[in-house]
Amino acid sequence: KKHGPPDVAFFYGGFNDVYSVFQTGQIDLPQNLENRYAEFDSRGKFNVIAPLSKHSYLFKLFKKVLPSRSHEPLKYDVEEKAKELVDNYLQNVGVITAVAKEQGVGVFFFWQPHLFDRKQPYGQEQYLRRNADPQLRDLAIAATNELKSRDSSVIVLDQVFDAYEFMVFNDIIHLSENGNAIIALYIANTL
């Protein structure tokens with residue numbers, strides 16, 4: 001704040017949006033909503049506010065608006081959800097870009113790679129990919145492909161690991177030290 005805005009800012013993400021849609025079937029809801037419900041409900045055991053929340057109109061409204069806590073797989077058209085997800089993501093990119101331009105800040109957006117992007121998984125990646133939820137896999141791939149089909153300023157990193165013949169993912173999205181080093185170098189060279 002003392003020295004003004006930065007010259008450059010970058011955003012690295014995308015999979016959190018995918019995972020949230022996978023969990024909730026809706027755009028713009030947080031991940032792990034189930035945990036938030038549980039945390040809120042558990043507060044009632046030790047919290048004086050709990051009786052008020054059970055009779056609160058706002059609490060009743062949240063229960064109507066937010067998805068149910070069912071453990072049943074959500075049914076939705078993956079391609080349609082991917083389009084909605086990318087529409088929402090690009091709207092956010094547009095807002096951030098406008099603010100950055102107004103502030104004189106260069107801005108870059110990187111759509112993070114995920115295990116389903118790898119042409120050839122290695123080691124534990126093979127097991128992880130084979131045992132991943134098919135709906136999550138299909139949504140992640142559809143969202144990446146949808147974003148690539150758009151004319152946007154987002155740099156899609158789906159092929160960044162193609163030349164590497166070793167494991168870079170610890171799970172579907174989190175990278176090993178080597179994977180993080182490759183991404184950091186790529187982003188640094190882009191900036």
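Trainee: Is Trp 111 buried or exposed?
Mentor: Trp 111 is buried, because its relative accessible area is 2%; buried means under 20%, exposed over 50% and partly exposed in between, with a 1.4 Å probe and protein chains only. Keep in mind that this is a predicted model, where local features need pLDDT of at least 70, side-chain atom pairs count only at pLDDT 80 or more, and totals for chains, interfaces and linings use all residues. Residues are numbered from 1 along each chain as its sequence is written, and side-chain values use heavy atoms, with hydrogens and water left out.

Trainee: Which residues does Trp 111 touch?
Mentor: Leaving out residues up to four places away in sequence, its contacts (heavy atoms within 4.5 Å) include Val 18, Leu 85, Tyr 89, Leu 147 and Ile 155.

Trainee: And how many aromatic pairs are there in the whole structure?
Mentor: Searching the whole structure gives seven. Rings of Phe, Tyr and Trp (its six-membered ring) pair if their centres lie within 6.5 Å; planes under 30 degrees apart are stacked, over 60 edge-to-face, and the rest tilted. Tyr 89 and Trp 111 are edge-to-face, because their planes sit at 85°, with ring centres 4.9 Å apart.

Trainee: Where in the chain do those two sit?
Mentor: Tyr 89 is in helix H5 (residues 78-103) and Trp 111 in strand E2 (residues 106-111), 22 residues apart, so the pair links distant parts of the chain. Helices (H or I, at least four residues) and strands (E, at least two) are DSSP runs, numbered from the N terminus. Tyr 89 is buried too, at 9% relative accessible area.

Trainee: What about Phe 161 and Phe 169?
Mentor: Edge-to-face, with 5.6 Å centre to centre and 85° between the planes. Phe 161 is buried at 3% relative accessibility, and Phe 169 is buried at 0%.

Trainee: Switching to the sheet: what's the strand order?
Mentor: E1-E2-E3, an open sheet of three strands with parallel pairing; two strands pair if DSSP finds at least two bridges between them. Strand E1 (8-13) and strand E3 (154-156) are the edges, each pairing on one side only.

Trainee: How many bridges do E2 and E3 have?
Mentor: Three. In one of them, Phe 109 has Val 154 of E3 as its bridge partner.

Trainee: Last one: which residues touch the most other members of the largest nonpolar core?
Mentor: Val 18, Trp 111 and Leu 139, out of 25 residues. A nonpolar core is a set of buried Ala, Val, Leu, Ile, Met, Phe, Trp, Tyr and Cys residues joined through side-chain atoms within 4.5 Å.
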